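Reader: I would like to learn how to read helix packing and a chain contact. Please show me the model and take me through it.

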Amino acid sequence: METSIDISHFLAGAVLALSFVLLYQARLFALFNAFAMQSIALAMAVGWQAYSQGASHLYITAALALVMKGMLIPGALRWVVVKMGIHRQIDPVVSVNLTLLLGVFLVILSIMVVFPVAKMEGGIAREDLAFALSIILLGMLMMITRRNAIGQVIGFMSLENGLILAATGAKGMPLVVEISVAFSVLIAFFVFGVFIFRIREHFDTIDVDALSEMRGDAE
Amino acid sequence: MALMFSLFMQGIQMMLVLLVAPLLVGVVRKVRARILLRRGPSILQPYRDLWRLLRKETVVARNASWLFRVAPYLIFAAVWVAAALVPVFATGLEFNWTADLLAIVALLGTARFATALAAMDIGTSFGGLGASREMMVASLAEPAMLMIVFTISLLAGTTQLSEIANFVASQPIGLRISLGFAFTALLIVALAENARIPVDNPSTHLELTMIHEAMVLEYSGRHLALIEAASATKLLLYMSLIISLFLPYGIATNEAPLSLQLFGMLVWLAKLGIGAVLLAIGETVVSKMRLFRVAEFLGAALVMGLLSMIFLFVFKGI
């Protein structure tokens, strides 16, 4: 039992650490790689929960996380970026170090919020909830500190990773599969939204595009 | 008699760290060369380099003060003492009561201080540039290092390295999340402190990028040999530190018979070899980062250290 909790903490902690890695990245492709890694870590965490709780439907969630968010979505985003010739540098609104420090404060905040609330839960769910809430908050932080639309999408999806982690940490969550499917569809929608948004921006705007063509940003 | 034996083992460790250090550098260089499909120099090349430098004439600039001449010895002594204090093959050696994590950090800080002072002593632009860069890196790496030290000391209940190694080796502490964070942070700090690739490139003399090499540019002959030996020993020290803090399995206690101590030595050498290969691979796949990215890189180490501390406090009740 002790090792089981240890491993689940470790995997959840890995997902959280990768949230910080996401905050740290300054290039889009590195960001996609980090996001794929986070999703794979999430899939492992969910898979471990499925194994330790004996809940077989969680395996589906894990597989979905692995295939959809670990492979397909990063690949699709990469394709979009290459295809559209989007500038591959992410410009953070505030400096990276400040963002990371803010992230630490968010982690402290979520621990302070979750621990008193879930006191009677005890054991495994409490820490997992704290981890999950921090991942959600870090995703939000990522969304507000990136000017780049793709960076915001990644922030949103890492937020959703946190939601899945929260959902699987608690025992007996039958709707998890449906929820995660719904969210994945929503994400795909979001991805295409950016796609369309970028096309529109590409053709409508005049000044900025002319400049970026001179920089070698667009084809 | 027991005291004699104990002193003897301590002496062996002191000589061992000094003798193995150039070999470690040689292995790292060799593996890097092989990955890049070059043949690379022999792994004994660092020994030859040191021997050649020791025999060469030492040139000192006309405006160098006594500081410039004293600094290499100071640097070498500080690093050597620090390396001799890290338990490598056995815990509880004769001088292990002084082997405090904070003391080791302080010794390395002294060495760095001496390097920077000597670099500025000559008054060339490279020296000053290297010194100011080194101090920037240090000012970011040391808080992170101290965070790691605090986390591990809180976990083990002591700042004494050999007791920490015993604690980690004997207690089933499992996969602690705070240890994972501390490990990552220590890796980053070790890369920065040893002037390895994402922070500094040890094998280049390109003025835009060099940090450590810029500081020791004016040294030659036996002074340079001492400094090179010190930096090799420092690499060995950090690797041994990581091993003894996080993977001390196979380490012998002082009361253990000679065979176990020899076994501990072999295990340590094997771990060092694996570490050297991993370092070489890491240095090949990662490129050097811009100097102003270094602040973010080390800031990440500090954040990791902070997180490991927070999680230690959070999970301590369980």
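Reader: Which residues of α4(A) meet α11(B)?
Author: In this predicted model, the α4(A) side includes A:Val96, A:Asn97, A:Leu100, A:Leu101 and A:Phe115. Among their partners in α11(B) are B:Arg293, B:Glu296, B:Val303, B:Leu307 and B:Phe311. Contact means heavy atoms within 4.5 Å. Helices are DSSP runs (H or I, at least four residues), numbered from the N terminus. By class, this contact has 16 nonpolar, two polar and two charged residues. Ala, Val, Leu, Ile, Met, Phe, Trp, Tyr, Cys and Pro count as nonpolar; Asp, Glu, Lys and Arg count as charged; the others, Gly among them, count as polar.

Reader: What angle do α4(A) and α11(B) make?
Author: Two packed helices are described by the angle between their axes and the distance between the axes. Axes are lines fitted to C-alpha atoms over the stretch in contact, and angles run from 0 to 180 degrees between N-to-C directions. Here the angle is about 10°, with the axes of α4(A) and α11(B) 9 Å apart. α4(A) and α11(B) are therefore roughly parallel (under 35 degrees).

Reader: How do α4(B) and α5(B) pack?
Author: Their angle is about 175°, and their axes lie 10 Å apart. α4(B) and α5(B) are therefore roughly antiparallel (over 145 degrees). B:Leu101, B:Arg112 and B:Phe113 are among the α4(B) residues in this contact, and B:Glu134, B:Met135 and B:Ser153 among those of α5(B). By class, it has 13 nonpolar, four polar and three charged residues.

Reader: How much area do chain A and chain B bury between them?
Author: The size of an interface is often given as the accessible area lost when the parts come together. Chain A and chain B bury about 1,900 Å² (1.4 Å probe, summed over both). Of that area, 79% is on carbon and sulfur atoms. A:Phe10, A:Tyr24 and A:Asn97 lose the most area in chain A, together 27% of what that side buries.

Reader: How many residues does each chain give to the contact?
Author: Chain A gives 22 residues and chain B gives 21.

Reader: What conventions apply?
Author: Residues are numbered from 1 along each chain as its sequence is written, and chains are lettered from A in the order in which they are written. Local features need pLDDT of at least 70, and side-chain atom pairs pLDDT 80 or more, while totals for chains, interfaces and linings use all residues; side-chain values use heavy atoms, without hydrogens and water.

Notes
Buried area is the accessible area (1.4 Å probe) that two parts lose on being put together, summed over both. Helices (H or I, at least four residues) and strands (E, at least two) are DSSP runs, numbered from the N terminus. Angles under 35 degrees count as roughly parallel, over 145 as roughly antiparallel, 65 to 115 as roughly perpendicular and the rest as oblique.
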